[in-house]
Amino acid sequence: MYLENLSLHNFRNYTDLETEFIPGVNVLLGANAQGKTNLLESIYVLALTRSHRTSNDRDLINWDADTAQLATRVKKQVSSMPLELELSAKGKRAKVNHIEQSKLSQYIGQLNVVLFSPEDLSLVKGSPAIRRRFIDMEFGQMSSKYLYNSAQYRTILKQRNQYLKQLKFKVQSDKVFLGVLSDQLAAYGAEITFQRRQFLKKLEKWAQQMHTQISLGKEHLTFEYVSQVDQEEELTVDQLYKKLQEAFSEHEEHELQQGTTLVGPQRDDVRFLVNGKNAQTFGSQGQQRTTALSVKLAEIDLMKEETGEYPILLLDDVLSELDDERQTHLLKSIQNKVQTFLTTTSLSGVARQLIDEPRIFTISQGTLHVET
């Protein structure tokens, strides 16, 4: 899978942009605050209909405009199709092959991307919310079922939290409706937990290979899914459903006092263990970076395994954060394998030696120039 071209109209600091890309490595070169990350962000938004940098779509639209249009043509093994996305105050409109999609979930998955930015190094040492978001965003691209279950879970969780607050402050008194919401939340929560475990098991297989290579066989990486509800990996969806029902029942009084839901997959976490020790707590900075790099590179192979197509790799100023050894492993891993977009203020000596015939774009104030 690769992008043949990109068209932006009133997206961030790009008033009008029309450009074409090569299937290999596309380098976006320029000083800070010129639009390199904005261009990478536009590809991410085209894939997932949302930004990794803001939850407010208004931030994505040029200040002088009311709408932003993004379009691309995606080349796959057996097909080539246009994707279009429009952002406005009224919401989002998405088209596949010029046909508007009634639901965004029908659009997501047409274009798969893996984003790696300096912030992703916090995947290991950051908060559980970062790791949950990572799972939801990446697995959501590969599974429409997971995307649906997650959306339903978030909606019901919001309703349940609102109702718990109403019960806490005596605005409502009917606990029967709370039971209905708890049952619905348990059903979708069981599906999500089961799918997360399956996803992480597959991702672990690929990440272990990467980690072993980067550490020259000295380190072994494993994943551990951390749940308040279950610590058993082989539970079925029905068993998980019953466990969640029991947990909601056990915590009901405490939740009524707090006015919020205290158990469920929205509070779960993932531990990355290097040689059996938690990398977040006991790992060196080098081990944490190797783990984060291994996990991100593993996504590429897992997406290929799940969808039959390699995703597009977005590297946002990552090379400056990696030493020469990790740069080398990263660039060798992607060479002649995936279409890559790499932003940087300057190409290191290592990168110039390893990248085979890149197309280099210089970016200045939202304008692209192709180096010849």
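# Reading the labels on this model

Q: Where is T49 found?
A: T49 is found in the loop between helix 1 and strand 4. The model it belongs to is predicted.

Q: Why does T49 count as buried?
A: Its relative accessibility is 4%. Buried means under 20%. T49 therefore counts as buried.

Q: Which residues does T49 touch, not counting residues up to four places away in sequence?
A: T49 touches Y44, L85, K92, L104, Y107 and I108.

Q: What makes T54 buried?
A: T54 lies in the loop between helix 1 (36-48) and strand 4 (67-75). Its relative accessible area is 18%. The cut-off for buried is under 20%, so T54 is buried.

Q: What makes the link between the side chains of T54 and D59 a polar contact?
A: The distance is 2.6 Å. A polar contact needs a pair of N or O atoms within 3.5 Å, one able to donate a hydrogen and the other to accept it. The T54 and D59 side chains make such a contact. The T54 side chain also reaches the backbone nitrogen of N56, at 3.1 Å.

Q: With which residues is T54 in contact, leaving aside its neighbours within four places in sequence?
A: They are R12, E41, D59 and L60.

Q: Why does H9 count as partly exposed?
A: H9 is found in strand 1 (residues 2-11). Its relative accessibility is 28%. Buried is under 20%, exposed is over 50%, and partly exposed is in between. H9 therefore counts as partly exposed. Its side chain makes a polar contact with the side chain of N10, at 3.2 Å.

Q: What makes L216 exposed?
A: L216 is found in the loop between helix 6 and strand 9 (221-226). Its relative accessible area is 63%. Exposed means over 50%, so L216 is exposed. L216 also has a positive phi of about 55 degrees, although it is not a glycine.

Q: Why is D317 called partly exposed?
A: D317 lies in the loop between strand 12 (312-316) and helix 10. Its relative accessible area is 29%. That value falls between the 20% and 50% limits, so D317 is partly exposed. D317 is not a glycine, yet its phi is positive, near 55 degrees.

Q: What makes helix 4 roughly perpendicular to helix 6?
A: The axes of helix 4 (residues 128-142) and helix 6 (residues 175-214) come within 11 Å and cross at roughly 85 degrees. Angles of 65 to 115 degrees count as roughly perpendicular. Helix 4 is therefore roughly perpendicular to helix 6.

Q: Which residues make the contact of helix 4 and helix 6?
A: Helix 4 brings R132, F134, I135, D136, E138, F139 and M142. Helix 6 brings Q195, R196, F199, L200 and L203. By class, seven are nonpolar, one is polar and four are charged.

Q: Why does Y146 count as buried?
A: Y146 lies in helix 5 (residues 144-168). Its relative accessibility is 0%. With a cut-off of under 20%, Y146 counts as buried. Among the residues that Y146 touches are D136, F139, Q195 and R196.

Q: What are the polar contacts of the Y146 side chain with D136 and R196?
A: Y146 meets the side chain of D136 at 2.4 Å. A contact of 3.0 Å joins the side chains of Y146 and R196. The limit is 3.5 Å.

Q: Why are helix 9 and helix 10 called roughly parallel?
A: The axes of helix 9 (residues 285-307) and helix 10 (residues 324-334) cross at roughly 5 degrees. Under 35 degrees counts as roughly parallel. Helix 9 and helix 10 are therefore roughly parallel to each other. Their contact includes L293 and L297 of helix 9, and L330 and I334 of helix 10. Its residues divide into five nonpolar, five polar and two charged.

Q: Which residues have the most contacts inside the largest nonpolar core?
A: They are L330 and I334, in a core of 70 residues. Helix 6 gives the most to this core, with 14 residues. Another core, of 42 residues, lies apart from it and includes F11, L17, L28 and L39.

Conventions: Residues are numbered from 1 along each chain as its sequence is written. This is a predicted model: local features need pLDDT of at least 70, side-chain atom pairs count only at pLDDT 80 or more; totals for chains, interfaces and linings use all residues. Side-chain values use heavy atoms; hydrogens and water are left out. Helices (H or I, at least four residues) and strands (E, at least two) are DSSP runs, numbered from the N terminus. Buried means under 20% relative accessible area, exposed over 50%, partly exposed in between (1.4 Å probe, protein chains only). Contact means heavy atoms within 4.5 Å. Axes are lines fitted to C-alpha atoms, for helices over the stretch in contact, and angles run from 0 to 180 degrees between N-to-C directions. Angles under 35 degrees count as roughly parallel, over 145 as roughly antiparallel, 65 to 115 as roughly perpendicular and the rest as oblique. Ala, Val, Leu, Ile, Met, Phe, Trp, Tyr, Cys and Pro count as nonpolar, Asp, Glu, Lys and Arg as charged, and the others, Gly among them, as polar. A nonpolar core is a set of buried Ala, Val, Leu, Ile, Met, Phe, Trp, Tyr and Cys residues joined through side-chain atoms within 4.5 Å.
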